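Here is a friendly walk through one protein model, from the overall picture down to a few local details. Have the coordinates open as you read.

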Amino acid sequence: MSPHAGTAGLTPHTLAFVESPVQLLNVLEWAHLRAPRAEEAPGGGLTLVVLSPTDPMTRGQLRRMADLARDEGHTVRWEEARGGPAAPFQTIGGLTRLLRRADRIVMGDPFSRYVQLLLTITRARDLVVVDDGTATMEFVAQLASGERLVRWHRKGGRPGPRDLIFAPVSSSARRRLTPSTRRKVEIFSSMPIEETPEGVTITANEFAWTRATFGPPRITKGADMVGTSLVETGVVDADRYVEAVTALAKTHGATRYFAHRRESTEKLHRLAVETGLEIVRPDLPLEVIARRGPIGRTILSFPSTVVHTLPLALVGTEVRVAVCDIDPAWLTENASPRAQGFLSGVTGTAKDVHRLSAVTAA
C-alpha cells in the first residue's frame with residue numbers, strides 16, 4: 001500500500017480521520033448514506049486518512065478495510081502516525097494543507113489526542129463524529145453537559161502530567177465540537193443517544209452499506225462468543241473473566257471465540273487452554289465477519305458495542321444476540337467508580353438482544 005496513494009492534486013471536500021477498523025467501517029456507512037444513488041460520483045470527494053496504530057492485528061484489519069474503501073471509490077491516505085518520535089510532527093505537517101482546504105471533517109474518535117490536535121488546525125465548518133463504539137455514548141453525554149472529554153474507563157481518576165499538558169488542546173477541541181452559528185456538528189451513530197446536545201444533528205447508523213455489500217450469512221446450529229478488552233483496559237479482573245467465559249461456553253455450547261483486536265496473546269492462549277474454545281482473530285470488524293458468515297445461531301457477548309451493532313447488521317436473519325451482564329465482583333480495584341453503571345447502561349439500552357444475568361463462576 002502506498003502511503004499517500006491517490007492524493008496527488010486532490011482538493012478534498014471531506015477529510016475523514018480514522019484510527020481503528022470500526023471507525024473506518026462507520027465512515028463507509030456514513031458515506032453510503034450521503035450518496036446512496038448509483039448515478040452520484042463514487043467517493044464524493046472523500047479522502048480517508050488512516051492514522052495507523054502500531055499493533056499488528058489492528059493494522060491488518062485497517063489494511064483490509066482500506067481496500068474496501070478504495071473499492072467504493074474513496075481516496076485512502078495511510079499515515080504511519082506512530083512510527084517514531086518524529087512521526088506525529090511529520091504527519092501533522094503533511095496534513096496541514098489538506099486540513100485547511102477541507103469543507104468537512106469526519107472523525108471516529110473525538111477523545112483521541114491526535115484528532116483533537118488536528119481539529120485545532122482545520123477551518124472546516126462542518127464536523128461529523130462517527131461511532132467509535134460505546135465511547136460515543138460518553139462523548140455525547142460529556143458534550144451535552146459541557147464536561148472535559150475523558151474516556152469512560154478513565155473517568156474518576158486523577159489527570160496525569162500528559163493530561164495537564166494537553167488540557168488546552170482538549171479544551172479547544174471540545175469548543176470546536178460544540179455547534180455554533182459558524183459550525184455544524186453531526187453525530188452518526190448506532191448507539192442509543194438519550195440526551196442530544198443543543199444544536200447537534202443525530203443521524204442513525206443502520207449498517208445499510210454492510211447489509212447491501214455482504215451476506216446474507218450461512219447460519220450454523222451452535223453458538224459463537226465475542227471477546228472484550230475489559231481486562232486489558234483494567235476494568236475486569238482476568239481470573240473472573242476467564243471463569244465467566246468458561247461458564248458461558250459450557251452453558252450455551254459455544255465453540256468459537258472471536259477475539260477483540262486489543263486482547264492480549266497471553267489471555268487468549270489461556271482461554272484456549274482452559275475453555276477449549278477455538279480462538280478466532282478476525283481480519284475485519286465483527287459486523288462484516290458476521291454478515292459474511294458462517295455465524296452461530298446465537299452470539300454471546302459481554303457489554304460492548306456489538307450488542308448494538310450486530311442486531312442491525314444481521315437484521316432479517318435468525319441470529320440471536322445474547323449479552324451477559326458484568327457482575328460487580330468482577331471489577332478490579334482500579335476500575336473507574338462509574339464503570340458498573342456505564343456497562344449496565346450499555347446492556348440495558350440495547351435493542352433486539354436477549355439479556356443474560358451475570359453467570360456464576362465455573
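In helix 8, Ala-238, Asp-239, Tyr-241, Val-242, Val-245 and Thr-246 make contact with Lys-267, Arg-270, Leu-271, Glu-274 and Thr-275 of helix 9. Sorted by class, this contact of helix 8 with helix 9 has 5 nonpolar, 2 polar and 4 charged residues. Please keep in mind that this is a predicted model.

How do the two helices sit against each other? Two packed helices are described by the angle between their axes and the distance between the axes. For helix 8 (residues 238-252) and helix 9 (residues 265-275), the angle is about 40 degrees and the axes are 10 Å apart. That makes helix 8 oblique to helix 9. The crossing of this pair, helix 8 and helix 9, is right-handed.

Another helix pair is worth a visit. The axes of helix 1 (residues 21-34) and helix 2 (residues 56-71) cross at roughly 15 degrees and come within 9 Å. Helix 1 and helix 2 are therefore roughly parallel to each other, and helix 1 passes helix 2 in a left-handed crossing. On the helix 1 side, the contact is made by Pro-21, Leu-24, Leu-25 and Leu-28, while helix 2 brings in Thr-58, Gln-61, Leu-62, Met-65, Ala-66, Leu-68 and Ala-69. The residues of this contact of helix 1 with helix 2 divide into 9 nonpolar, 2 polar and no charged.

Stepping back to the whole protein chain, its secondary structure comes to 12 helices and 13 strands. Of the 362 residues in the protein chain, 52% are buried. The accessible surface of the protein chain comes to about 16,200 Å², with 50% of that belonging to carbon and sulfur atoms. Among contacts between residues at least 6 apart in sequence, 72% join residues at least 24 apart.

Next, have a look at helix 11. This helix is mostly covered, with 7 of its 8 residues buried. Those buried residues of helix 11 are Val-306, Val-307, His-308, Thr-309, Leu-310, Pro-311 and Ala-313. What covers them includes helix 7 (208-213), strand 8 (219-226), helix 10 (286-292), strand 11 (295-301), strand 12 and helix 12 (339-348).

Glu-318 lies in the loop between helix 11 (306-313) and strand 12 (320-324). Is Glu-318 buried or exposed? Its relative accessibility is 57%, so Glu-318 counts as exposed. Not counting residues up to four places away in sequence, Glu-318 touches Ile-219 and Arg-297.

Most residues other than glycine have a negative phi, and most peptide bonds are trans.

| Cis peptide bond | Omega |
|---|---|
| Gly-215 to Pro-216 | near 5 degrees |
| Gly-293 to Pro-294 | about -5 degrees |

Pro-216 has its place in the loop between helix 7 and strand 8, and Pro-294 is found in the loop between helix 10 and strand 11. Phe-207, a residue other than glycine, has a positive phi near 55 degrees. Phe-207 sits in the loop between strand 7 (201-204) and helix 7. With a relative accessibility of 1%, Phe-207 counts as buried.

Methods:
Residues numbered from 1 in each chain as written. Predicted model: local features only at pLDDT ≥ 70, side-chain atom pairs only at ≥ 80, totals over all residues. Heavy atoms only, no water. Axes fitted to C-alpha atoms, helices over the stretch in contact; angles between N-to-C directions. Helix = DSSP H or I, 4+ residues; strand = E, 2+ residues; numbered from the N terminus. Parallel < 35°, antiparallel > 145°, perpendicular 65-115°, else oblique. Left-handed = near helix turned anticlockwise from the far one by under 90°. Contact = heavy atoms within 4.5 Å. Nonpolar A, V, L, I, M, F, W, Y, C, P; charged D, E, K, R; others polar. Buried < 20%, exposed > 50% of the residue type's maximum accessible area, 1.4 Å probe, protein only. Areas by Shrake-Rupley, 256 points an atom, 1.4 Å probe, with all protein chains shown as cover.
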